[in-house]
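Here is a walk through one protein model, residue by residue. Keep the viewer open and follow along.

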Amino acid sequence: MEPFIVNNVIEDINYLYGRSKCIGALVSCVKRRENAGIIGARRFGKTSLLKSMRSYIESHPESNALPIYFDVKDDFTGIHKDTPKVYYTLAAILAKEMCEMGILKEGNYNISRRCVLDVSTDLSDMVVQMSTWHPEYQTKAFFNLTDEVCRNGKYVLLLLDEIDSLLLDAFNTPSDFGRIRGAATDKSEKLSFWIAGTSSWKSITTSIGSPELNCGLEQIRLSSLDKEDFSAMWKYECSLIGDKDLCQKILSLEDVIYSKTGGVPYYAKFIGSSFLNGTITEMPDYSILRDYLMGIYESKFMTETERSALKVLANGGIKFGNEVPDGVNSLYIKGLVEIKDNKEYYIAIEYLADYVSAINSNSILETSPDVEKMKRDMLVDEIVRLRIAVNKSYKDSPFVSTDDDSIDFPNLRKPCYDESALFAFATSMYKLYYEGSGKGCRLPAGFHDNKFSKMIRVLRHKCDHQNCVSNLMDDEDFYGMINNGYPPISTEHFRNIQMNVLLLFKDELLSMLEKSPEKKQKKAKASPCMVRPQHLEDGQIYEGLIVEVSNQYGTFLNVKCSQYPYPLSIKSKRVDIYEDDEVIFKAVCEPNKTDPSKLFWKADDVHLKE
């Protein structure tokens with residue numbers, strides 16, 4: 001693992017720090033088939049929570065939920081003011097999931113006498129099929145498939161990310177959400193939905209002028225992490241830094257970074273990555289996060305009442321007594337304001353308070369750092385680190401470094417504002433990824449001819465005005481990956497393509513690391529210990545294997561043995577131990593302080609097996 005990787009969605013609840021309460025509430029919602037609204041400010045982890053819960057639900061079939069994740073901004077960005085396309089795209093996702101689960105067989109499925117869907121795991125093909133249907137059946141398809149899921153003893157759970165974009169940009173009118181809302185609130189229990197946004201559902205529906213869409217939702221508030229959870233996360237990230245001096249320096253900044261970022265993992269990791277990449281050497285001011293802070297303050301769902309409350313609280317915490325102003329209450333719901341033990345309300349993110357204070361005093365300077373450049377540089381630095389890590393993880397290094405690397409990596413950092421700049425960028429990407437891997441021949445299995453590899457080749461040839469292989473990738477897929485489905489015609493488009501391609505490159509390298517032989521070897525070593533448990537006896541000696549265990553409190557070394565289903569925390573050890581060491585230990589049980597009827601098993605006197 002590499003430290004401080006940002007823009008990386010977490011899809012495992014075991015790696016979500018400080019979210020156990022939210023996870024527990026959502027697990028309860030799954031069992032009760034209830035709707036939920038996840039509320040949190042920008043970069044607070046809404047997407048990670050949704051995708052982690054999807055993974056959790058898929059691994060717990062007893063919940064009888066079939067989760068469907070949909071983000072109109074990222075996954076299907078061609079949808080704009082097209083209500084039928086929203087519904088038939090949802091239908092395509094649902095049909096694909098049903099096919100993979102065996103609920104539907106590949107082949108024809110009748111939506112009506114005139115509309116027959118050729119069901120498969122090819123999502124884009126099903127979208128194309130339904131795009132020619134009458135709008136009535138385009139919408140009907142999703143609900144027909146929902147009925148089919150119900151007949152198989154399950155229900156559909158829609159996980160709707162970026163709900164504001166869905167309502168305002170994708171639907172013709174926000175009221176077009178009404179069919180989902182109606183199906184999720186009737187007594188059939190065929191459908192439920194969870195939405196993620198920056199405001200409460202009531203606030204969103206009122207602000208868009210569609211209060212009739214409001215309904216009862218379990219409200220899940222995403223706040224910043226408490227100090228204990230943040231500390232566990234920060235120590236884990238710092239433990240991955242190879243440079244001991246730099247590790248110690250960044251580790252020593254834990255308290256000040258927690259205060260400045262309010263314990264928001266993304267913001268903290270952004271600063272940690274800036275130190276790691278050499279972008280900064282001392283603790284920065286609020287301007288390092290200025291675009292994110294501006295996104296919070298200028299959000300279309302930030303009311304003037306809330307902005308006024310931020311301006312007041314930017315001067316310091318306030319006790320309000322029995323009547324707390326509405327603006328302060330709504331900021332608390334969003335996780336931007338917290339309450340101290342003495343009932344004092346304060347802005348949780350000090351950088352946000354600094355930003356609002358600068359607005360109050362008109363002191364935001366034009367000479368503030370170029371945040372977009374900092375983000376781009378940081379992303380390229382991460383790519384450099386990950387590329388090196390990938391080479392170390394495979395016996396035959398996939399990428400060959402050349403003298404041109406010193407030219408090509410700087411080219412990735414140069415901003416793309418026009419076609420000629422994009423051509424230079426695309427050429428360097430092509431050389432670093434495709435030519436640098438022997439035209440893909442050195443890439444690990446599964447990566448040589450995947451969508452990313454094709455996209456890199458198409459991008460290079462399109463910029464060079466050459467005819468690429470006709471069947472390599474069609475324009476819809478190509479532009480859908482890199483620019484919301486549109487060919488570039490403006491400066492903003494070229495900049496957007498550059499950032500999207502860099503993000504995709506980083507994700508590709510992370511995927512290679514995850515599938516590397518080194519990773520598989522670690523899993524294989526641990527597998528002999530996954531035998532079904534028997535039992536432990538207090539004071540008896542057992543053999544075990546040292547494993548890493550991650551939870552909301554951090555990552556720790558534990559002992560795994562075949563006699564117990566869970567890794568045991570280490571009470572004491574004779575020598576230094578490391579992951580994959582074979583050890584001998586004494587099993588001891590201790591009472592659970594919060595529930596005396598239960599016991600904790602621990603590994604005592606842990607030492608290496610001779």
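Predicted model: local features only at pLDDT ≥ 70, side-chain atom pairs only at ≥ 80, totals over all residues.

Start with the positive charges. Arg42, Arg43, Lys73 and Lys300 form a positive patch on the surface. Take Arg43 as the way in. Arg43 sits in the loop that runs between β1 (36-39) and α2 (46-58). Its relative accessible area is 31%. Arg43 therefore counts as partly exposed. Patch members need over 30% relative accessible area and no salt bridge, and Arg43 is at 31%.

Asp118 belongs to strand β4, which covers residues 116-119. With a relative accessible area of 35%, Asp118 is partly exposed.

Is Lys334 buried or exposed? Lys334 is buried, because its relative accessible area is 6% and the cut-off for buried is under 20%. Its side chain has a partner: a polar contact of 2.9 Å links Lys334 to the side chain of Glu306.

Finish at His607. This histidine is part of strand β15, residues 595-608. His607 has a relative accessible area of 17%, so this residue too falls under the 20% limit and is buried. What lies 2.9 Å from a polar atom of the His607 side chain? The backbone oxygen of Asp605 does.

Definitions and conventions: Residues numbered from 1 in each chain as written. Heavy atoms only, no water. Helix = DSSP H or I, 4+ residues; strand = E, 2+ residues; numbered from the N terminus. Buried < 20%, exposed > 50% of the residue type's maximum accessible area, 1.4 Å probe, protein only. Polar contact = N/O pair within 3.5 Å; in protein donor to acceptor, adjacent residues only side chain to side chain. Patch = residues over 30% accessible without salt bridge, like charges linked within 9 Å, V, L, I, M, F, W, Y side chains within 5 Å. Areas by Shrake-Rupley, 256 points an atom, 1.4 Å probe, with all protein chains shown as cover. Salt bridge = Lys/Arg side-chain N within 4 Å of Asp/Glu carboxyl O. Lys, Arg positive; Asp, Glu negative; His and termini not counted. Charge placed at Lys NZ, Arg CZ, Asp CG, Glu CD.
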